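Colleague: I am new to reading protein models. Could you take me through one, feature by feature?

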Amino acid sequence: MSFSGSMADIGAWLSAALPDHGLYTLIAIACIAGLARGFSGFGAALIFIPLGGAIIGPKLISPVLLVIDGLATLGMIPPAWKRANRREVFTMAAGAMLGVPAGTAVLTLMDPLLLRWSITAIALLLLALLVSGWRYHGEPHSYLSATVGLVAGLFSGAAQLGGPPVVAYWLGGKTEFTKVRSNIIIYFAISTCFSVASYYAGGLFVDTVFALTLVILPSYTIGLYLGSKLFGFAKESTFRIICYGLIGASAFLGMPALDGLLR
């Protein structure tokens, strides 16, 4: 087969697999979500899932984010591995190993409309947790770390929303923000492996997921890169406020009652 023929086949596959609306909006949202993820180590799902779910539904947008985030953040893992408290990370990941499959079952079996309302509610509750400033200030314990991992894994499996419980737990101690960020990156690298296995078993990796990955990945990667650069220059407090605003807006706009605004 000639090169032109191969390209034509790929083009035909993309045309058939891609959604017929909202593609450019998804690309823009992915860049913004990547900015948040690159800076703080989390936050992409709280922006991308409610808004993207309003466009193409939660059963497509969750695996799309899983794939693009897993691919785009590979370069963040080596430096984070050196700085992370790997014992704490692996303890939390042990809980996620149980939570992720349970959350994936929810994503697979729940009614899409009910799931979207649930995602909106969870995103707003998790945002309230972050904005409240509440943090766990005690010493990390193995059983507590594993429990947080279980809850975060459940949220990750259902909607890739596992960041806030992890952040609230780790940011409350005396660990510096750089190490916390590294912990988060390594934890979600491991959690991603669990999610890939669970999503595959649940039949969530359809052609549209991979077609959207090809189109959206460059935008998300650019946002991720810019966010990583901002981490070295911007004030943590200022960027956190911006992230909170974006998360709140995405949760609001992603409500099923506002369908049509993003399409």
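Colleague: How many salt bridges does a search of the whole structure find?

Modeller: Look for a Lys or Arg side-chain nitrogen within 4 Å of an Asp or Glu carboxyl oxygen. In this predicted model, the search finds 1 salt bridge. R37 pairs with D69, and their closest N and O atoms are 2.9 Å apart. The pair links distant parts of the chain: R37 sits in helix α2 (residues 23-40) and D69 in helix α4 (residues 58-72), 32 residues apart.

Colleague: Is R37 buried or exposed? And D69?

Modeller: Buried means under 20% relative accessible area. R37 has 5%, so it is buried. D69 has 11%, so it is buried too.

Colleague: Why is α3 called largely enclosed by the rest of the structure?

Modeller: Count its buried residues. In α3, 13 of the 13 residues are buried, so the helix is largely enclosed. Then look at what follows. After α3 comes G57, with a positive phi near 95°.

Colleague: Now a single residue. Where is S191, and what is it in contact with?

Modeller: Start with its element, then its cover, then its contacts. S191 lies in helix α10 (residues 177-201). Its relative accessible area is 2%, so S191 is buried. Set aside neighbours within four places in sequence, and S191 is in contact with V100 and S156.

Colleague: Last one. Which helix has the lowest mean pLDDT, and which the highest?

Modeller: Read pLDDT as the predictor's confidence. Where it is low, the predicted coordinates should not be read in detail. The protein averages 83, and 85% of the residues score at least 70. Among its elements, helix α12 (residues 236-253) has the lowest mean, 70. Helix α6 (residues 86-109) has the highest, 93.

Terms used:
Residues numbered from 1 in each chain as written. Predicted model: local features only at pLDDT ≥ 70, side-chain atom pairs only at ≥ 80, totals over all residues. Heavy atoms only, no water. pLDDT = per-residue confidence, 0-100. Helix = DSSP H or I, 4+ residues; strand = E, 2+ residues; numbered from the N terminus. Buried < 20%, exposed > 50% of the residue type's maximum accessible area, 1.4 Å probe, protein only. Contact = heavy atoms within 4.5 Å.
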